[in-house]
Amino acid sequence: LRIVTNHTFTETDIPNVIGIIPSQYYGTELDQPIILGNHRDAWVYGAADPNSGTAAMLEVAKGLGALSKTGWVPQRSIYFCSWSGEEYGLVGSTGWAELNAELVNRAVAYLNVDTAVAGDELEVSASPVLATLFTDVMEALNTNAVLSKKGEDMHTPFTLLDANTNRAMFSKPQDIGTLGSGSDYTVFLDRFGVSSLDFAFRTSQGGYGVYHSIYDSYHWMEEYGGSMGVPGSAFEIMADAAKIWGVLALRLSESEVLPLDHVAASKSVAGYIDQIKLSYKDAPLHLDTLVDAVGFYEKSSLEFHNMLLNTDLSNVVQLHDLNKKLAQTERKFLSDDGLPKRPYFRHVLQAPGMYLGYVSEVFPGVSQACDDGDYGTANQQILVAAQCVTDAALYLSSAVAA
């Protein structure tokens, strides 16, 4: 077999398109923006990847735009980001985040949809603090019959995965699993520590046969992209994706107290230690410091939650400070030095495995060192992770003490 390739290397602009519904605090340090993102560049036609997601984003923008014309102003600015250069290596989103670091550092959450529809089974991966929000949104949409129906509830039960492990977060029927890499949430979560979520409607097999090919076309989407044997159903499901995405954005922008659940997150992190113990049961790891740190995070998050229940929400300054604690705690999981061998990735709870493609690993500094047989580095990374988790717990505790 002989293959000849001919490549041309050029420098060119990456044209991201950004739309904003500004809050009353837009452009100030008080604004805590919500960022929605989807890439629009495709390998060929890209009917599923990414144009099903692009269609959903346009519908969300149209709906919230209509709401804005009535005089509504969100409490937190909502950004609609149409990324270019994703297929070249997440170039558009990464460059934009780096050039707008001050804004990104204030963001509450990043909500990503890449391929919105390539089947009719809903899968979502999320930072654990966003898991409760997603289940609440799905319950509200299904309870009020907002989503499409096909006999019984069309899109439930759904799979809810912990973004840090790619494993089910809750027992069925509400399962959430992990964000590793492979789409535009990567820079927001792995570099800037912004709590992130990604969802899609897929087949039970996960993949679809026309991925990244000339056959990912309008014809395929119309005939086969939705429910099996139901031509045209993909477009109904795109509408459902827009509804889910839009309600998530509204809950995050309009809630007086941000719907970020650190109690659920702390329980997830405790489970990560169990995963490390199981995966590397014969490794000489010294986990006591990390176990203590996670226990402190569990205690602090519960105390913070109980304090919120008795907080005077009419005190605007105090409410803003508490919401800042809720949003910024995720940043405490970032290591200043980054992960060994790849300092650009800074999140100590999760990262795509170096040899796993898009798949995520928990406590990646520890996991990767164990995979390399470097137990000295693994134990050093345990201390790094323990310090980051402790910092998160102290950050929440400082609000309780005040």
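Me: What makes D372 and K341 a salt bridge?

Reply: Their closest N and O atoms are 2.9 Å apart. Helices (H or I, at least four residues) and strands (E, at least two) are DSSP runs, numbered from the N terminus.

By the way, this is a predicted model, where local features need pLDDT of at least 70, side-chain atom pairs count only at pLDDT 80 or more, and totals for chains, interfaces and linings use all residues. Residues are numbered from 1 along each chain as its sequence is written, and side-chain values use heavy atoms, with hydrogens and water left out.

Me: Why is K341 called exposed?

Reply: Exposed means over 50% relative accessible area, buried under 20%, and partly exposed in between (1.4 Å probe, protein chains only). K341 has 63%, so exposed is the word. D372, at 32%, is partly exposed.

Me: How do you know that E59 and K62 pair up in a salt bridge?

Reply: Their side chains meet at 3.3 Å, N to O, so they pass the cut-off. Both sit in helix α1 (residues 51-69), and because they're three residues apart there, about one helical turn separates them.

Me: What makes E59 partly exposed?

Reply: Its relative accessibility is 41%, so it falls in the in-between range. K62, at 54%, counts as exposed.

Technical notes
Salt bridge = Lys/Arg side-chain N within 4 Å of Asp/Glu carboxyl O.
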